[in-house]
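Welcome! Here is a short tour of one protein chain, meant for someone meeting it for the first time. Please take a look at the sequence and the structure below before reading on.

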Amino acid sequence: MSDEKDTLLDFAAIEKNLDSVVRVSRGVRPIPIDKIVGSLGRYQEFTENFLPQAGGVREKFESVKAAMLSGKNLPPIKVYGLLDHYFVVDGHNRVTVAKTELKAVDIDAEIMEVEFGLHLSPDKKYACDTGAARRFLIRLEERVFERETHLGNAILALPLKVTELTSYGKLFEE
């Protein structure tokens with residue numbers, strides 16, 4: 001992913017393309033670490049695999065690592081849930097330690113589910129600067145298309161393969 005500099009998805013870059021956003025608390029529960037794909041505000045500080053970028057501040061990471069490896073009970077991370085993926089709001093270093101040092105599969109998270117509105121239109125203008133953000137926005141368009149038409153790839157004889165933004169808007173208009 002050289003064009004994306006191996007960084008996480010930026011939640012703000014996704015959110016600014018949505019027509020409406022409502023956050024709903026879903027409480028605390030374990031979430032799969034491999035479903036964490038982005039961050040609110042710190043996306044450039046970590047790789048897409050949630051490792052600290054080279055040259056990043058290691059002091060906080062080392063202190064969280066020491067606490068977690070000693071068995072200290074730390075609070076759940078805070079995330080936004082969108083589709084079946086998560087964006088870290090608080091707890092970036094806890095995710096890194098859980099993934100890299102503890103080899104954990106899940107991590108406890110306080111989840112704020114993001115319910116969104118997105119108008120499908122072939123004329124919609126998107127603002128996204130990475131391929132990963134574009135692909136995620138296409139998935140959001142797909143979800144809206146399925147919700148509006150009840151035509152999902154699960155029921156189609158020939159599944160749709162959409163690679164461009166607004167393609168679902170064009171299909172929806174037909």
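Predicted model: local features only at pLDDT ≥ 70, side-chain atom pairs only at ≥ 80, totals over all residues.

A crossing of two helices is called left-handed if the near helix is turned anticlockwise from the far one by less than a right angle, and right-handed if clockwise.

Let us begin with the overall plan. The protein chain has five helices and six strands. Read from the N terminus, its elements follow the order β-α-β-β-α-β-β-α-β-α-α. Of the 174 residues in the protein chain, 40% are buried. Among contacts with a separation of 6 or more, 79% join residues 24 or more positions apart.

Now to helix α2, which spans residues 59-69. Which of its residues are buried? They are Phe61, Val64, Lys65, Ala67 and Met68. These residues lie on the same side of α2, because they cover an arc of only 165 degrees around the axis. As background, an α-helix has 3.6 residues a turn, so residues three or four places apart point the same way. Part of the cover over the buried residues of α2 comes from α3 (92-100). After α2 comes Gly71, with a positive phi near 90 degrees.

How do α2 and α3 sit relative to each other? Their axes come within 9 Å and cross at roughly 55 degrees. The two helices are therefore oblique to each other, and their crossing is right-handed. The residues of this contact divide into five nonpolar, two polar and three charged. The table shows which residues each helix brings to the meeting.

| Helix | Residues in the contact between α2 and α3 |
|---|---|
| α2 | Lys60, Phe61, Val64, Lys65 and Met68 |
| α3 | Asn93, Arg94, Thr96, Val97 and Ala98 |

Our last stop is His119, in the loop between β6 (106-117) and α4 (131-149). Is His119 buried or exposed? Its relative accessible area is 53%, and over 50% counts as exposed, so His119 is exposed. Leaving aside residues up to four places away in sequence, His119 touches Asp19 and Lys124. His119 and Phe145 are 26 residues apart in sequence, while their C-alpha atoms are 9.5 Å apart in space.

Key:
Residues numbered from 1 in each chain as written. Heavy atoms only, no water. Buried < 20%, exposed > 50% of the residue type's maximum accessible area, 1.4 Å probe, protein only. Helix = DSSP H or I, 4+ residues; strand = E, 2+ residues; numbered from the N terminus. Arc of directions from axis to C-beta. Contact = heavy atoms within 4.5 Å. Axes fitted to C-alpha atoms, helices over the stretch in contact; angles between N-to-C directions. Parallel < 35°, antiparallel > 145°, perpendicular 65-115°, else oblique. Nonpolar A, V, L, I, M, F, W, Y, C, P; charged D, E, K, R; others polar.
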